[in-house]
Amino acid sequence: MLFKKFIRSVAVLTLMTSSVAVHAQEQRLIRFGNDATYPPFEYTAPNGEIIGFDIDIAKAMCERLNAKCTFQNQAWDGIIPALRAKKFDVIASSMSITEERKRAVAFTQKIWNTPNPLIGREDIKAEPTKEGTKDLDLGVQQGTIQDKYATKYFTDAHIKRYKTFEDAIKDLVTGRLHVVFGDSGAAGEFLNGPSGKGFAIIGTPIASSSDVSIFGEGTGFAVRKEDKQLLEDLNRAFDEIRADGTYDKIAKKYFDYDVYN
């Protein structure tokens, strides 16, 4: 009888240990790094929480992976070095998938893709071309694909580079800039907000397909090249939220157009 009780106790202990192990596996931690200065994709709420479209997408993917996810702010110009230094595991910060960046990190499949407009006062005469930006004070966020495009094509403009897109917009509003060149999602957030009155998209936005070597294949999440399993898991989770309608539901909270294409 004592032996049977001992065997039963061992069996119960084994089940408990197994349950704890499974629970620990379900609570896998994935740390996301974000430059939270780019609404509506990633920005900081008044209470300090990092929120936005990319954040909601990342959270939905984490749910599919039964993972606990954290989000931390990281300046754009150091975001890839911080990933490689293992300060976090994934960059979820509106990063375009370009050949140059592929040499440093591994990307998921495309998360979203939008055109690139010029923003200015409604009455300004300008176009997102070399001739249309001649002699204009043009703002961009430094190190972005818009910075690279402006440097290559808007060669007669006076390009001013800012640490964040928000800083460029502030100078546009105060009249220190004639125009800002950015992403249509971030542009729409500004134009639809209280500071956007009197401003508009100027000319025809530049499609990403106009120069794939700069704009790449859309934006994706980035991981360290050696984290192949994490990359595979993120892609699988993204496929699931695209297939079951979760992606579209989240997108409708932020955009009135197809942000994926």
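The questions and answers below go through a predicted model and set its computed values against the definitions behind them.

Q: What kind of model is this, and which values count in it?
A: This is a predicted model, in which local features need pLDDT of at least 70 and side-chain atom pairs count only at pLDDT 80 or more, while totals for chains, interfaces and linings use all residues. Residues are numbered from 1 along each chain as its sequence is written, and side-chain values use heavy atoms, with hydrogens and water left out.

Q: How many helices and strands does the chain have, and what makes a run count as one?
A: The chain has ten helices and 13 strands; helices (H or I, at least four residues) and strands (E, at least two) are DSSP runs, numbered from the N terminus. Along its principal axes the C-alpha trace spans about 95 × 35 × 30 Å.

Q: Why is the pair of Phe53 and Tyr247 called edge-to-face?
A: Rings of Phe, Tyr and Trp (its six-membered ring) pair if their centres lie within 6.5 Å, and planes under 30 degrees apart count as stacked, over 60 as edge-to-face and the rest as tilted. A search of the whole structure finds 21 aromatic pairs. In one of them, Phe53 and Tyr247, the ring centres are 5.8 Å apart and the planes stand at 80 degrees, so the pair is edge-to-face. Because Phe53 belongs to helix α2 (residues 53–64) and Tyr247 to helix α10 (residues 246–254), this pair ties together parts that are 194 residues apart in sequence.

Q: What makes Phe154 and Phe181 an aromatic pair, and which parts does the pair tie together?
A: Phe154 and Phe181 are 5.2 Å apart from centre to centre, with 70 degrees between the planes, and form an edge-to-face pair. Phe154 lies in the loop between α5 (145–153) and β10 (158–162), whereas Phe181 lies in strand β11 (residues 179–181), so the parts tied together are 27 residues apart in sequence.

Q: How do you know whether Phe154 and Phe181 are buried or exposed?
A: Buried means under 20% relative accessible area, exposed over 50%, and partly exposed in between (1.4 Å probe, protein chains only). Phe154 has 1% relative accessibility and therefore counts as buried, and Phe181, at 1% relative accessibility, counts as buried too. Phe53 and Tyr247 are both buried, and of the 261 residues of the chain, 49% count as buried.

Q: What makes the charged end of Arg242 sit over a ring, and which rings are concerned?
A: A charge sits over a ring if NZ of Lys or CZ of Arg is within 6 Å of the ring centre and within 35 degrees of the ring normal. The charged end of Arg242 sits over the ring of Tyr247, 4.9 Å from its centre, and also over the ring of Tyr260, 3.7 Å from its centre. Tyr247 and Tyr260 are among the members of one aromatic cluster, which also includes Phe53, Trp112 and Phe165.

Q: How do you know which strands pair with β1?
A: Two strands pair if DSSP finds at least two bridges between them. Seven bridges join strand β1 (residues 28–34) to strand β5 (residues 67–73), and these strands run parallel; within this pairing, Asn34 has Asn73 in β5 as its bridge partner. β1 also pairs with strand β6 (residues 90–96) in the parallel sense over two bridges, where the partner of Phe32 is Val90.

Q: What makes strand β13 count as mostly covered, and which strands pair with it?
A: Five of the five residues of strand β13 (residues 219–223) are buried. Four bridges join β6 to β13 in an antiparallel run, with Ser96 standing opposite Thr219 in β13, and strand β7 (residues 106–107) pairs with β13 in the antiparallel sense over two bridges.

Q: Why do β2 and β4 stand at the edges of their sheet?
A: The open sheet of three strands has the order β2-β3-β4, with antiparallel pairing. β2 (37–38) and β4 (50–51) each have a single partner strand, so one side of each is left without a neighbour in the sheet. β2 and strand β3 (residues 42–44) pair over two bridges, and Thr37 stands opposite Tyr43 in β3.
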